[in-house]
Amino acid sequence: FMTACRFLNDHMDNMDNPNNEMRKALIVLFQRWFSVAAEETSVPGDLAAYLREVRKATPTLLAFLVNLADDNGNTVLHYSVSHCNYGIVGLLLETGACDVNLQNNAGYTAVMLAALTAPDGPGGMEVVRKLMEMGNIHIRSKQTGQTALHLAVRHGRVVMVRLLLSYGADANIQDHQGTTALMFASERGHTHVARLLLERSHCDLSLTDKRGRTALSIAMQGSHTDTATLLQAHAKARAF
């Protein structure tokens with residue numbers, strides 16, 4: 001692995017047009033890097049050892065290595081976040097070389113994937129906080145136009161909704177279908193999430209999706225009476 005690193009480090013200028021030797025070195029680098037850092041069973045201690053060696057021998061290669069993506073556009077950061085391997089995520093963020101806003105082929109950033117997780121301890125939450133501080137929480141998926149907040153709301157991730165709102169997530173961003181986070185909460189009958197959105201952000205209750213529906217009409221259409229009652233109460237309170 002380190003032989004490949006040193007070789008590639010000496011040929012950084014030709015990375016866009018690699019020769020056969022460079023391709024072989026890249027394959028070694030790619031396979032070992034993803035094996036060490038991107039697996040569900042990846043161990044932080046192993047990654048730390050690799051990062052130490054790279055920093056010492058080929059520091060200029062660090063950013064290239066950390067942001068290396070596979071055919072689906074996923075970096076090891078994408079995978080480690082998805083696996084809730086927060087020890088690995090923390091080490092990657094500490095390098096200072098991670099482009100945390102990189103989108104995979106589906107348009108998801110590491111922050112978006114984190115919005116779908118449920119950290120079960122303070123250590124994991126601290127890493128997710130750091131990720132959200134470093135990343136742009138308003139990036140929209142290229143395929144759907146959805147943000148991290150849309151995803152957290154759709155999947156009922158209350159802790160993540162609260163965290164995203166604390167970092168100033170805009171609840172009025174509409175996806176490609178015109179759907180807001182509040183509309184998703186209304187569609188799913190996530191009353192508690194809807195309450196969070198209404199109390200902790202400036203939700204525009206008058207926004208409509210591409211089908212002309214508001215959050216209230218969506219809640220009523222889905223027979224989510226608790227959510228509809230909450231929305232009506234907030235609309236009435238704002239009218240005064």
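**Terms and values**

Tutor: Over residues 177–201 the chain is 72% helix and 0% strand, with its end C-alpha atoms 21 Å apart. Helices are DSSP runs (H or I, at least four residues), as strands are (E, at least two), numbered from the N terminus. The model is predicted: local features need pLDDT of at least 70, side-chain atom pairs count only at pLDDT 80 or more, and totals for chains, interfaces and linings use all residues. Residues are numbered from 1 along each chain as its sequence is written, and side-chain values use heavy atoms, leaving out hydrogens and water.

Student: Why is cysteine 203 called buried?

Tutor: Buried means under 20% relative accessible area, exposed over 50%, and partly exposed in between (1.4 Å probe, protein chains only). Cysteine 203 has 4% relative accessibility, so it counts as buried. Cysteine 98, at 12%, therefore counts as buried too.

Student: How many disulfides does a search of the whole structure find?

Tutor: The search finds zero disulfides, a disulfide being a pair of cysteine sulfur atoms within 2.5 Å. For cysteine 98, the nearest cysteine sulfur is that of cysteine 5, 16 Å away.

Student: What span should helix 2 have?

Tutor: The expected span is 1.5 Å times one less than the number of residues. Helix 2 (residues 20–37) has 18 residues and should span 26 Å; its end C-alpha atoms are 26 Å apart, so the values agree.

Student: Which residues of helix 2 are buried?

Tutor: They are Met22, Ala25, Leu29, Trp33, Phe34, Val36 and Ala37.
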